[in-house]
Amino acid sequence: MRIDIMTLFPQMCEVVMNESIIGRAQKKGVLTVRCHQIREYTDNRQKQVDDYPYGGGMGLVMYAQPIDACFRAVCEQAGTRPHLIYLTPQAPVLTQERAKELAQLPNLCLLCGHYEGVDERVLEALVDETLSIGDYVLTGGELPALVLADCVARLVPGVLSDEACFTEESHYSGLLEYPQYTRPAVWQGREVPPELLSGHHAHIARWRREQSLKRTLQRRPDLLEKAEREGLLTELDHRFLQTLSDKEKQENCGKSEDEAEP
Ligand code: ADE
C-alpha cells in the first residue's frame, strides 16, 4: 500500500511514520509513505497558503489552489488517483470496520487541514471521503492523519509479523480483547489467572473468550449489544453472560468494588 499525506507540517508526519513498526514496514517494502508540503505548490510569490474567510469571522481558510496542485503531483507520483480522505471533526468517526476496508485499497491520500479548515470547494471537487478521529477538536489534521495511517497500515498484510496480532485484538472481532499477562507468575502478591498456566489450549481459549465478553459488557455495553445484533455471539457466550452476577456486570476496569477508586 502507498499512503500520501498532504500537509503544512510534513516533517511532523515523517518522524512518526519512519519509526517503529510502520518505519520497518517501509524498509521491508510492504508500505510506502510520502509526505508532501502543500506550501510548495502555491502559485503566489509569498507562498501564502491561507486567507481570511469571505463573510468575515475568526481564523484563516486554506486556499484551494495549492491543495489541488499538490494532489495532482501526488497522482502523478503514485501513477494513479488515490482515494482522497480529508480529516475533519465534521465527519463520521473512524471505526475499525472502516479501517479494514481502507486497508484493501492500494493507494490512499490524506489531506490535513489547519486553521479554520479548507475552502469548501476542495471538498466538493477533490475529496472522496471525510473522517474524524473522535468528537473533540485538535489544532490540525496531522495527528488525525497519523492515527488513520497507523490504524490502516497495520492491517496491510506483511506490516505486522503475525496476522493473529490483529485478529485477536480489541474491536477486530467486535469485542474488547481479554487481559494479557507475562512473567512473573506472581507480582506484588497478584497472581496470573490459573487458566493461563494450565497449558490446556481449549480451556485457555474459552477463558479468553469469556474475559472478552465480560470486559466488553463492563466497559462498552454498546459494543456487546452490537455484537449481539450482528449475530457474533454463540449459545455458549449467552450462557456465560447469564452466569455473571449483577455485581460482576457493574464492575469496571478489572477492579473489584473494594479496589475501585471512589
Ligand atoms: N481536525 C481537528 N480535529 C479533528 C478530529 N477530531 N478529527 C479529524 N480531524 C480533525
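The following legends describe several close-up views of a predicted model.

Residues are numbered from 1 along each chain as its sequence is written. Because the model is predicted, local features need pLDDT of at least 70 and side-chain atom pairs count only at pLDDT 80 or more, whereas totals for chains, interfaces and linings use all residues, and side-chain values use heavy atoms, with hydrogens and water left out.

**View 1. Helix 1 (residues 10-17) and its buried face.** Helices (H or I, at least four residues) and strands (E, at least two) are DSSP runs, numbered from the N terminus. Pro10, Cys13 and Met17 are the buried residues of helix 1, where buried means under 20% relative accessible area, exposed over 50% and partly exposed in between, with a 1.4 Å probe and protein chains only. Seen down the axis of helix 1, these buried residues fall within an arc of 65°, so they line one face of the helix; the arc is that of the directions from the helix axis to the C-beta atoms. An α-helix has 3.6 residues a turn, so residues three or four places apart point the same way. Gln11 and Val15 are exposed on the other side of helix 1. The buried residues of helix 1 pack against strand 1 (2-7), helix 2, strand 2 (32-37) and helix 6 (142-153), a contact being heavy atoms within 4.5 Å.

**View 2. Helix 1 beside helix 6.** The axes of helix 1 and helix 6 come within 10 Å and cross at roughly 30°; axes are lines fitted to C-alpha atoms, for helices over the stretch in contact, and angles run from 0 to 180 degrees between N-to-C directions. Helix 1 and helix 6 are therefore roughly parallel to each other, given that angles under 35 degrees count as roughly parallel, over 145 as roughly antiparallel, 65 to 115 as roughly perpendicular and the rest as oblique. The crossing of helix 1 with helix 6 is right-handed, a crossing being left-handed if the near helix is turned anticlockwise from the far one by less than a right angle, and right-handed if clockwise. Met12, Cys13, Val16 and Met17 of helix 1 make the contact with Glu142, Leu143, Leu146 and Ala149 of helix 6. By class, this contact of helix 1 with helix 6 has seven nonpolar, no polar and one charged residues, where Ala, Val, Leu, Ile, Met, Phe, Trp, Tyr, Cys and Pro count as nonpolar, Asp, Glu, Lys and Arg as charged, and the others, Gly among them, as polar.

**View 3. Helix 2 (residues 20-28) and the residue just after it.** Ser20, found in helix 2, has a positive phi of about 55° although it is not a glycine, and at 48% relative accessibility Ser20 counts as partly exposed. The buried residues of helix 2 are Ile22, Gly23, Ala25 and Gln26. Seen down the axis of helix 2, they fall within an arc of 160°, so they line one face of the helix. Arg24, Lys27 and Lys28 are exposed on the other side of helix 2, while the buried residues pack against helix 1, strand 2 and helix 6.

**View 4. Helix 9 (residues 201-219) with helix 10 (residues 221-229) and helix 11 (residues 235-243).** The axes of helix 9 and helix 10 come within 5 Å and cross at roughly 125°, which makes helix 9 oblique to helix 10. Leu213, Thr216, Leu217, Gln218 and Arg219 in helix 9 meet Pro221, Leu223 and Leu224 in helix 10. With helix 11, helix 9 packs at an angle of about 60°, the axes lying 10 Å apart, and this makes helix 9 oblique to helix 11. The crossing of helix 9 and helix 11 is right-handed. In this second contact, Arg206, Arg209, Glu210, Leu213, Lys214 and Leu217 in helix 9 meet Leu236, Asp237, Phe240 and Leu241 in helix 11, and the residues divide into five nonpolar, no polar and five charged.

**View 5. The backbone at Pro184 and Gln188.** Most residues other than glycine have a negative phi, and most peptide bonds are trans. A cis peptide bond, with omega about 0°, joins Arg183 and Pro184, and Pro184 is found in the loop between helix 7 (164-167) and strand 8 (186-187). Gln188, in the loop between strand 8 and strand 9 (190-191), has a positive phi near 50° and counts as exposed at 64% relative accessibility.
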